[in-house]
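Visitor: I'd like to learn how to read pockets and helix packing in a model like this one. Could you walk me through it?

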Amino acid sequence: MGEASAVFLGAPGTYAKAKEFLAQYGASKVYVVESDDVVDYAVAPVAEVLAKLVIDVSPTAVLTAATAEAREAAARTAAKTESGLIWDAVALTPDLSATQGIFGGSTIVTSKVTKGTPIFVVRPNTTAPEVAPTTPVEENVDITISDSARSAKILDRVVEAKSGRPDLTEAQIVVSGGRGLGAAEHFALVEKLADTLGAAVGASRAATDAGWYPHQQQVGQTGKTVSPQLYVAVGISGAIQHRAGMQTSKTIVAINKDPEAPIFEFADYGVVGDLFNVVPQLTEAVEKRKG
């Protein structure tokens, strides 16, 4: 698509921490916005900054990650600039065509924006980062945020306690458990396999609704969307709700005792068997291979 520019938005004095990272991964130019306005208010100021840059710079396209905040910022930017928006892209081509899942992820299509500046919301992990050192040109962007964009102020932030495992949406490997586990305590099997693989732990909606695992770890249409290199589904039937959140994973391994489970229709590898026998053996085999 051409040279990549980055947009940094943060509180005053925070750009210095990100500068080296952006230079390491190919940013030829960085538009720097250091302002309390972009961190003290909910999303709207970010969209105003992006819309100003789209109008002033006329980029070939705008890419954001598919996080909750960036999704909304992208949608607002598209509305402000009268541009087309493509959601949950998992691949892009030089001619700005995007591969995405629609209808709850049941259908994969190729889409293209026909109006304005194409704005893509890209699923994390769909492309492996490649080191491409640069010396970015830096441009400080001055913008006055409107009163309407400052109507929703953030009053407090709580830092979530880290488990030591990778973040679910950004993990290279995810191991998820479902209804087949039968009880909350059986998630220990999933956690042990995940820790052996250096993976994040996910859960199906049935498992989180039953209170077996935290809702923030739910993978699916009403939970989080993941695209890891490896997705291991343990005791998950593969209903469309769950499929929508993980079917773009590079390799899918399913473990289920029901040979007719829908997940086997799109899994790359399937193990038909009792997960209480299969998962411990798999964990042991991985530990031996690592040893």
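**Pockets and helix pairs**

Guide: Happy to, starting with space. The largest pocket holds about 2300 Å³, and keep in mind that this is a predicted model.

Visitor: What about the second largest pocket: how much space lies in it?

Guide: About 480 Å³. Its lining has 17 residues, with E160, A161, K162, D167 and Q217 nearest the centre of the second largest pocket. By class, that lining comes to 8 nonpolar, 4 polar and 5 charged residues.

Visitor: Now helices. At what angle do the axes of α3 and α4 cross?

Guide: Read the angle together with the distance. Helix α3 (residues 44-57) and helix α4 (residues 68-81) have axes that come within 8 Å and cross at roughly 45 degrees. That's why α3 is called oblique to α4.

Visitor: Is the crossing of α3 and α4 left-handed or right-handed?

Guide: Right-handed. For the contact itself, look at who meets whom: A44, V46, A47, E48, L50, A51, V54 and I55 in α3 meet A73, R76, T77, K80 and T81 in α4. Those contact residues divide into 8 nonpolar, 2 polar and 3 charged.

Visitor: Let me try the other pair. How far apart are the axes of α5 and α8?

Guide: They're 9 Å apart, and helix α5 (residues 187-197) packs against helix α8 (residues 275-290) at about 20 degrees. Angles under 35 degrees count as roughly parallel, so α5 and α8 are roughly parallel to each other.

Visitor: What is the hand of the crossing where α5 passes α8?

Guide: Left-handed. On the α5 side the contact uses L189, K192, L193, D195, T196 and L197; these meet L275, F276, V279, P280, L282, T283, V286, E287 and K290 in α8. By class, the contact of α5 with α8 has 9 nonpolar, 2 polar and 4 charged residues.

Conventions: Residues numbered from 1 in each chain as written. Predicted model: local features only at pLDDT ≥ 70, side-chain atom pairs only at ≥ 80, totals over all residues. Heavy atoms only, no water. Axes fitted to C-alpha atoms, helices over the stretch in contact; angles between N-to-C directions. Helix = DSSP H or I, 4+ residues; strand = E, 2+ residues; numbered from the N terminus. Parallel < 35°, antiparallel > 145°, perpendicular 65-115°, else oblique. Left-handed = near helix turned anticlockwise from the far one by under 90°. Contact = heavy atoms within 4.5 Å. Nonpolar A, V, L, I, M, F, W, Y, C, P; charged D, E, K, R; others polar. 1 Å grid on protein atoms, 1.4 Å probe; cavity = no way out; pocket = protein on both sides within 12 Å on 5 of 7 lines; lining within 4 Å. Points joined across faces, edges and corners; volume = space filled by probe spheres on them.
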